[in-house]
Amino acid sequence: MEDKFSFIVNGKTIVTTEDVNLLDFLRDDLGLISVKDGCKEGACGTCTILVDGKAMKSCIFTTKKVAGKEITTIEGFTEREKEVFAYAFNNTEDDIVVTSVNEVFSVDEDKLLPEYLCMFFNRTEFDRYARFHSWGSARETFTWDDLVKVEIPIADMKTQKSIADIYKAYKERKAINDKLKVKIKDICPILIKGSIEKARKAKEA
Ligand code: FES
């Protein structure tokens with residue numbers, strides 16, 4: 001007898017005998033095209049869904065693996081939930097993938113530096129503010145409409161640039177420091193081994 005895999009997708013029970021990639025199944029068999037195929041190897045996150053309430057990449061699952069579980073895609077969200085504000089800042093020359101949960105916006109760069117705005121969003125105080133003003137229980141929701149009500153203290157452009165430059169230098173130094181730490185971790189045992197060897201030879205001489 002053929003195996004049957006049963007799971008819930010956006011509140012509906014689905015039963016299938018196909019043991020196939022979950023991303024393909026959601027898109028091709030169920031027509032849930034909010035689930036995007038970006039890399040198909042668990043790297044980009046464009047295929048993210050909720051499995052039993054936790055964000056997971058669907059491309060690394062099969063229909064067999066999710067048997068008995070509950071899946072939610074963007075199509076299963078309420079209208080209000082679809083408005084969740086998601087934040088990302090592309091300060092590279094690289095293209096980025098924008099999913100259906102993202103609002104895309106630019107700023108008037110004569111008045112506000114994107115880097116300065118990014119710093120404001122990154123502050124733990126803003127995180128606390130957003131949590132306080134979000135709604136919902138299991139999933140907190142802070143929407144684009146909520147975001148545009150946030151009052152941001154805007155300094156003059158020169159001050160914004162100075163602050164952004166200092167922060168950038170700090171981030172670069174931190175990245176260099178973190179890389180050094182990893183290198184030192186690898187080198188340390190070699191140095192210690194060398195010192196022990198040297199001491200041993202000196203003792204024997
Ligand atoms: S398609 Fe890229 S992580 Fe799944």
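Reader: What is the strand order in the open sheet?

Author: This is a predicted model; local features need pLDDT of at least 70, side-chain atom pairs count only at pLDDT 80 or more, and totals for chains, interfaces and linings use all residues. Residues are numbered from 1 along each chain as its sequence is written. Strands (E, at least two residues) and helices (H or I, at least four) are DSSP runs, numbered from the N terminus. Two strands pair if DSSP finds at least two bridges between them. Here the 5 strands run S2-S1-S5-S3-S4, with mixed pairing.

Reader: Which strands stand at the edges?

Author: S2 (12–16) and S4 (54–57) do; each has a single partner strand, so one side of each lacks a neighbour in the sheet. Neighbouring strands are turned by 35° against each other on average, direction ignored. Angles run from 0 to 180 degrees between N-to-C directions, and axes are lines fitted to C-alpha atoms, for helices over the stretch in contact.

Reader: How many bridges join S1 to S2?

Author: There are 5, and the two strands run antiparallel. Ser-6 faces Val-15 in S2. The pair forms a hairpin with 2 residues between the strands, and Asn-10 in the turn has a positive phi of about 50°.

Reader: In which sense do S1 and S5 pair?

Author: S1 (residues 5–9) and S5 (residues 70–72) are parallel, over 2 bridges. Ile-8 stands opposite Glu-70, and Val-9 opposite Ile-71.

Reader: Which residues of H1 are buried?

Author: The general idea: in soluble globular proteins, nonpolar side chains tend to be buried together. A residue is buried if 20 or more other C-beta atoms lie within 10 Å of its own, exposed if 12 or fewer, partly exposed in between; C-beta atoms are placed from the backbone. In H1 (residues 22–29), Leu-22, Leu-23, Phe-25 and Leu-26 qualify.

Reader: Where is the kink in H5?

Author: The bend at a residue is the angle between axes fitted to the seven residues ending there and the seven starting there. In H5 (residues 157–204), a kink of about 35° lies at Ile-187, shortly before Pro-189. H5 is hardly covered: its count of buried residues is 0.

Notes: Expected span 1.5 Å × (residues − 1).
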